Structures are given as C-alpha cells and as structure tokens.
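Student: Hi! I have just opened this one and could use a guide. Can we go through it together?

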Amino acid sequence: MTLATLWVVAEPANESISTTSLELLTHARTLASDVRAVTWGAGGASLAGVAGEYGASTLYDVGGLDGALPGVPVAAAIAALVAQGAPDAILIPSSYDGRDIAGRLSAKLDRPVLTNVTGLVDDGGIVTEHPVFGGTQTVKARFSADGPGIIVVRAKSFVAEPSGGSPATVVTAPAGDTGAAGSARIATSHVEERSGPKLEEAAVVVSGGRGLGESEKYALVTEIAKLLNGAAGASRAIVDAGWVPYSHQVGQTGKTVKPTVYIACGISGATQHMVGMKGSKNIVAVNKDPDAPIFQIADLGIVGDVNKVLPALIEALKARG
Ligand SMILES: Cc1cc2nc3c(=O)[nH]c(=O)nc-3n(C[C@H](O)[C@H](O)[C@H](O)COP(=O)(O)OP(=O)(O)OC[C@H]3O[C@@H](n4cnc5c(N)ncnc54)[C@H](O)[C@@H]3O)c2cc1C
C-alpha cells in the first residue's frame with residue numbers, strides 16, 4: 001500500500017450511511033492503511049458504529065446543518081480539516097449532494113476533481129478509471145500535483161462489505177462561518193413516492209423502453225416488477241418522452257444497476273443503456289427484432305411482442321401465487 005490516508009464522504013441515509021458511501025469505505029480500506037469518514041446531520045455521531053464496521057478509524061462529524069443543504073457546510077468543514085493535515089485523496093459518492101460538495105471543495109482547496117469514476121487502483125499512487133464512449137473504453141487518470149485529489153465515484157463501482165471493525169473515533173468538525181453562501185435554507189422538500197425496493201438496490205429490475213409503444217403500457221413493466229418484488233427501470237428514450245421520471249433511467253446518464261435479474265422489455269440495447277446494466281447477473285430481454293443488440297448480452301432472449309409476452313408473464317406470475 002502506497003497510500004497512507006483516504007477520506008470518504010459518508011452521506012447519512014435512513015439513520016445509517018448511504019450504500020454508495022459504504023461501497024467507498026469498503027474499497028478505500030483495500031487501498032490505504034488509514035481510512036476516515038466525514039458525515040453530518042443530527043445523528044452524525046451515532047454512525048460511528050457502521051463507519052467503523054466498514055473500515056473507518058475516525059468519523060469527522062460536521063453536526064446538524066440547521067436546514068441547509070450539505071454542499072456549503074460540509075465542503076467548508078472538510079477544507080478546514082485538510083488545513084490541519086491532508087489525506088492522499090477524498091472519495092465522494094456521485095450523488096446530488098456529493099457532487100455539490102466536490103465542486104465547492106475543489107474551489108476551496110484549489111484542487112481539480114476527477115469525476116464519473118468507476119475504478120480506483122493503487123499504482124504507486126491513486127489511479128482512477130473512467131468509462132468513455134458509452135462504456136466501450138476505459139481511460140485511466142491520476143493527479144500529477146501534490147495535495148489531496150478529489151474523486152467522485154459512481155454508485156455500484158464496488159461491493160459494500162463490512163470488515164467487522166470497532167466503532168470509529170468521533171471527532172467534531174464544525175463548518176465554521178460559511179458567510180452568505182451558508183445562509184440558504186431548504187424551504188420545502190418532499191420524498192418521491194415509491195413502493196418496493198430502490199432501483200439501485202433491487203434484486204430484480206424490470207425496465208421498459210420505446211418498444212412498449214405508448215406510456216400506458218409502462219404499467220405492464222411496473223406490474224411485473226411488483227410481482228417479482230423488484231424495481232421498475234427505463235431507457236432514456238421513454239424518460240425523454242416524458243413517460244416516466246428521470247429517477248427510473250438506467251444507463252450512462254442514469255443509474256447503474258447490478259441486480260440478480262434484469263428484464264429489458266422493448267429496449268434495443270444501445271451502449272449507453274447497456275453500460276448501466278451489463279453487470280447484472282442474469283439478463284432477460286424481450287424484443288421483437290431478433291437482431292436487437294440487447295440479445296448479444298442477454299442470458300435469455302425472447303423474440304416477441306411485448307404486448308403479448310408481458311401480459312402472459314403477468315398471468316404466469318399471478319398463477320404461481
Ligand atoms: C450522451 C448520451 C447518453 C445517453 N444515456 C443513456 C442512458 O443513460 N440510458 C439509456 O437508456 N439511453 C441513453 N442514451 C440513449 C441511447 O443511445 C438510446 O437512444 C436509448 O437507450 C434507446 O432507448 P430504447 O432502447 O428504449 O429505444 P429504441 O432504441 O428505439 O429501441 C426500441 C426497441 O424496441 C423494440 N420493439 C419495438 N416494438 C416492440 C414490440 N412491440 N415488442 C418488443 N419489442 C419491440 C425495437 O425492436 C427496438 O429494439 C444516451 C445517448 C447519448 C447520446
């Protein structure tokens with residue numbers, strides 16, 4: 001190991017740490033001898049157990065944010081910590097808040113950010129891997145100047161596994177005075193309604209594409225997802241068409257999923273879609289065109305009309321009980 005210290009931005013989620021942050025902690029401990037986490041929120045200190053379990057020795061707690069978005073205060077707190085002693089790199093999940101923190105931290109530290117990272121290796125220093133050209137090629141990058149690298153990593157790039165470590169030592173790390181930028185407050189927020197598992201975490205994902213023909217037919221996809229206790233995904237074509245919200249999109253500019261079973265219904269298999277789901281364990285594709293590219297990566301291909309195959313599948317699943 002050539003890296004001494006890595007810090008991981010540990011986003012709080014559901015009274016724990018977000019899955020992507022746990023993936024980063026897990027991988028960080030294979031790269032550096034000392035892994036530290038930075039978190040925030042009213043219950044920040046209570047995350048010491050889970051942070052330690054996934055490999056963090058220290059948990060920097062920025063504290064409650066008094067109704068502010070994390071970007072400003074968390075970037076300020078990390079910058080203050082860096083001034084006391086910098087890590088080799090700071091790993092940040094590629095979430096909305098993570099990207100906000102990374103941009104602000106970059107400005108504060110005057111350091112560049114490497115984004116859209118899906119791999120991190122130790123090659124005499126940290127080397128990042130980024131998919132390009134719709135995921136068909138991988139480029140590698142490294143920081144050439146001294147100072148902590150800021151690295152934004154995509155969800156599902158690594159597998160989260162606890163190490164059984166003892167709770168991390170909690171160190172209070174307040175943001176200090178953030179001036180006018182820190183005075184913005186969240187006025188209202190709402191949680192998007194969802195039944196069943198999250199798209200990124202579901203064991204079964206059923207996705208629909210333009211081949212469904214019309215937006216109403218997406219109900220077939222959601223019904224199969226529900227019957228299989230899975231989540232419903234989508235190609236960009238039907239997100240752009242306004243059939244489903246962006247939060248359903250799988251692919252290069254959407255979410256990366258790695259379920260046990262991925263069922264693609266009326267999806268052609270563009271590289272930008274496949275880069276987000278090709279890591280699935282078993283891929284089933286329903287498409288009326290036998291030459292559709294999705295069949296090249298499908299474990300089970302059904303050449304047929306979604307209007308016939310999907311209702312038949314629903315019937316069979318219901319009959320199974
Ligand atoms: C920079 C960039 C980023 C992108 N990011 C993403 C991304 O994140 N995710 C993404 O999905 N795409 C993304 N795209 C778009 C991508 O290139 C494709 O346009 C998109 O994935 C196509 O969606 P689709 O498969 O639903 O539609 P189409 O390509 O139109 O395919 C529809 C398929 O349905 C089949 N079909 C038609 N009728 C039936 C029927 N009755 N029964 C069965 N099959 C039928 C057809 O044979 C066809 O294969 C991106 C593109 C660019 C340029």
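Predicted model: local features only at pLDDT ≥ 70, side-chain atom pairs only at ≥ 80, totals over all residues.

Student: Where does V205 sit, and is V205 buried or exposed?

Tutor: V205 is part of strand β13, which covers residues 204-208. V205 counts as buried because its relative accessibility is 0%, and the cut-off for buried is under 20%.

Student: And how far is V205 from T222 in space?

Tutor: Their C-alpha atoms are 9.8 Å apart, and 17 residues separate V205 from T222 in sequence.

Student: OK, switching to the ligand. How many residues surround the ligand?

Tutor: There are 24 residues around the ligand, and the closest are S235, V250, T253, S268 and N287. Sorted by class, that shell has 14 polar, 5 nonpolar and 5 charged residues.

Student: Which helices each supply at least two residues of that shell?

Tutor: Those are α6 (236-240) and α7 (271-274).

Student: How much of the ligand's accessible area does the protein cover?

Tutor: The ligand has 1000 Å² of accessible area on its own, and the protein covers 75% of that.

Student: You mentioned α7. Where is V275, and what does V275 touch?

Tutor: V275 lies in the loop between α7 and β16 (282-287). Not counting residues up to four places away in sequence, V275 touches G134, G135, G251 and Q252. As for S189, that residue is 86 residues from V275 along the chain, with 32 Å between their C-alpha atoms.

Student: Let's move on to α1. What should the span of α1 be, and what is the distance between its end C-alpha atoms?

Tutor: With 13 residues at 1.5 Å a residue, α1 should span 18 Å, and its end C-alpha atoms are 19 Å apart, which agrees. Helix α1 is mostly covered, as 10 of its 13 residues are buried. Among them are T20, L24, H27 and L31.

Student: Tell me about H27, then. Why does H27 count as buried?

Tutor: H27 has a relative accessible area of 18%, and buried means under 20%, so H27 with its 18% is buried. A polar atom of the H27 side chain is 2.8 Å from the backbone oxygen of L120. H27 also touches F158, again setting aside residues up to four places away in sequence.

Student: How does α3 look, and how many of its residues are buried?

Tutor: In α3, 11 of the 14 residues are buried, so to speak a mostly covered helix. The buried residues of α3 pack against β1 (3-9), β4 (32-39), β5 (58-61), β6 (89-93) and α4 (96-109).

Student: You said β4. What does the side chain of T39 reach there?

Tutor: T39 lies in strand β4, and its side chain reaches the backbone oxygen of A10 at 2.8 Å. T39 counts as buried, at 0% relative accessibility. Beyond four places in sequence, the contacts of T39 include P12, G44, L47 and Y60.

Student: Last one: which loops hold E15 and K156?

Tutor: E15 is in the loop between β2 (12-13) and β3 (16-17), while K156 is in the loop between β11 (149-153) and β12 (169-172). E15 is not a glycine but has a positive phi of about 60 degrees, and K156, also a residue other than glycine, has a positive phi near 70 degrees. E15 counts as exposed at 82% relative accessibility, whereas K156 counts as buried at 17%.

Conventions. Residues numbered from 1 in each chain as written. Heavy atoms only, no water. Near = heavy atom within 4 Å. Areas by Shrake-Rupley, 256 points an atom, 1.4 Å probe, with all protein chains shown as cover. Helix = DSSP H or I, 4+ residues; strand = E, 2+ residues; numbered from the N terminus. Nonpolar A, V, L, I, M, F, W, Y, C, P; charged D, E, K, R; others polar. Buried < 20%, exposed > 50% of the residue type's maximum accessible area, 1.4 Å probe, protein only. Polar contact = N/O pair within 3.5 Å; in protein donor to acceptor, adjacent residues only side chain to side chain. Contact = heavy atoms within 4.5 Å. Expected span 1.5 Å × (residues − 1).
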